[in-house]
Amino acid sequence: MADTIVPQHVGFIVDGNRRWAKERGKPTFLGHKTGFDKLKEIMDYTHERGVKYVTAFIFSTENWDRSKEEVKYLIDLYRDLFTKEVKRLHEKNVRVNILGHNDGLAPDIIKMTKEGEDLTKNNTKAVASFCFNYGGEWELAEACKQICKSGIDPDTLTPEVIKQHLYHPEVPKMDMLVRTSGEQRISGFMLYRAAYSELMFLKKYWPDMEKSDVDDIIAEYQRRNRRFGK
């Protein structure tokens, strides 16, 4: 299959940061920081390989149940994303999207999220999406709430109508869903968009990801026979 055939949308569940740190006798926080730095490298390279949409699951609605110290550190990493990383992506002509809801978020987080999305909204080279304070079931529930409030006739409800009410509906369905750390589940990641995703589970932890793994992911996608039930 020609190398020019690449997935349009790849999603990453960036799992294993804490276990990576623990196995090396290092603090959990260092695992998250190393994983964050790796995220920039892997997303950049995935875009360079021709994948226009890259989405990373970085903070779920369930992550609030972790220790206060760990949650604070993750939130501070997110702040770093929007004080430094968004500007860097903007210079690369990459649009930044945040998929998730605002419940429980501090006002400054909500404000910087909107400012970052507004800054990059006209960029055209690629799209970097981050699932933050995200849950796939919550996304569908919120879509249903919007549909009910809009007064749409239930008899006209279709999958396409639901899609139009998802977070950032312009983001297409995922072609390839990749999870690191050896866990083999999707944990609610983009439930609607993952309906026909090719699944790939890597045994390595997220901080151990390399550009060669992206090459392997694309090569594996090219080997898959996507029949969509036909």
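The model is predicted. Its open sheet has six strands with parallel pairing, in the order E3-E4-E2-E1-E5-E6. Helix H3 packs on that sheet, and the helix pairs H2 with H7 and H3 with H4 are treated in turn.

- Strands of a sheet pair through backbone hydrogen bonds, either parallel or antiparallel. In the present sheet of six strands the pairing is parallel.
- The edges of the sheet are formed by strand E3 (94-99) and E6, each of which pairs on one side only.
- From one strand to the next, the twist averages 20°.
- At one end of the order, E3 runs parallel to strand E4 (residues 126-134), and six bridges join the two. Arginine 95 stands opposite valine 127 in E4.
- Helix H3 touches strand E2 (53-60), E3 and E4 as it packs on the sheet. The direction of H3 makes about 155° with that of E3.

**Strand E5 and its two partners**

- Strand E1 (residues 9-13) pairs with E5 in the parallel sense, over four bridges. Within this pairing, isoleucine 13 has arginine 179 of E5 as its bridge partner.
- E5 also pairs with strand E6 (residues 198-201), again in the parallel sense and over four bridges. Here valine 178 stands opposite methionine 200 in E6.
- Which residues point each way from strand E5 (residues 176-179)? Met176 and Val178 point one way, while Leu177 and Arg179 point the other way. All four of these residues are buried.

**Helices H2 and H7**

- Two packed helices are described by the angle between their axes and the distance between the axes.
- For helix H2 (residues 28-48) and helix H7 (residues 211-223), the axes come within 9 Å and cross at roughly 45°. H2 and H7 are therefore oblique to each other.
- The crossing of H2 and H7 is right-handed.
- Sorted by class, the contact of H2 with H7 comprises three nonpolar, one polar and three charged residues.

**Helices H3 and H4**

- Helix H3 (residues 68-91) packs with helix H4 (residues 107-120) at an angle of about 15°, and their axes are 10 Å apart. H3 is therefore roughly parallel to H4.
- The crossing of H3 and H4 is left-handed.
- H3 contributes Ile75, Tyr78, Arg79, Phe82, Val86 and His90 to the contact. H4 contributes Asp108, Ile109, Met112, Thr113, Gly116, Glu117, Leu119 and Thr120.
- By class, seven nonpolar, four polar and three charged residues take part in the contact of H3 with H4.

- Glycine 11 lies in strand E1. Its relative accessible area is 0%, so glycine 11 is buried.
- Not counting residues up to four places away in sequence, glycine 11 touches Thr55, Met174, Met176, Leu177, Val178 and Phe189.
- Glycine 11 and leucine 89 are 78 residues apart along the chain, and their C-alpha atoms are separated by 18 Å.
- Asparagine 17 is found in helix H1 (residues 17-23). Asparagine 17 counts as buried because its relative accessibility is 11%, and under 20% is the limit for that term.
- Beyond residues up to four places away in sequence, asparagine 17 touches Gly31, His32, Gly35, Trp206 and Pro207.

**Two residues with a positive phi**

- Most residues other than glycine have a negative phi.
- Asparagine 93 has a positive phi of about 65° although it is not a glycine. Asparagine 93 is placed in the loop between H3 and E3.
- Is asparagine 93 buried or partly exposed? With a relative accessibility of 29%, asparagine 93 counts as partly exposed.
- Serine 181 has a positive phi of about 90°, although serine 181 is not a glycine. Serine 181 is located in the loop between E5 and E6.
- Serine 181 is buried, because its relative accessible area is 8%.
- Not counting residues up to four places away in sequence, serine 181 touches Asp15, Gly16, Arg19, Leu202, Lys203, Lys204 and Tyr205.

Technical notes. Residues are numbered from 1 along each chain as its sequence is written. This is a predicted model: local features need pLDDT of at least 70, side-chain atom pairs count only at pLDDT 80 or more; totals for chains, interfaces and linings use all residues. Side-chain values use heavy atoms; hydrogens and water are left out. Axes are lines fitted to C-alpha atoms, for helices over the stretch in contact, and angles run from 0 to 180 degrees between N-to-C directions. Angles under 35 degrees count as roughly parallel, over 145 as roughly antiparallel, 65 to 115 as roughly perpendicular and the rest as oblique. A crossing is left-handed if the near helix is turned anticlockwise from the far one by less than a right angle, and right-handed if clockwise. Ala, Val, Leu, Ile, Met, Phe, Trp, Tyr, Cys and Pro count as nonpolar, Asp, Glu, Lys and Arg as charged, and the others, Gly among them, as polar. Contact means heavy atoms within 4.5 Å. Buried means under 20% relative accessible area, exposed over 50%, partly exposed in between (1.4 Å probe, protein chains only). Two strands pair if DSSP finds at least two bridges between them.
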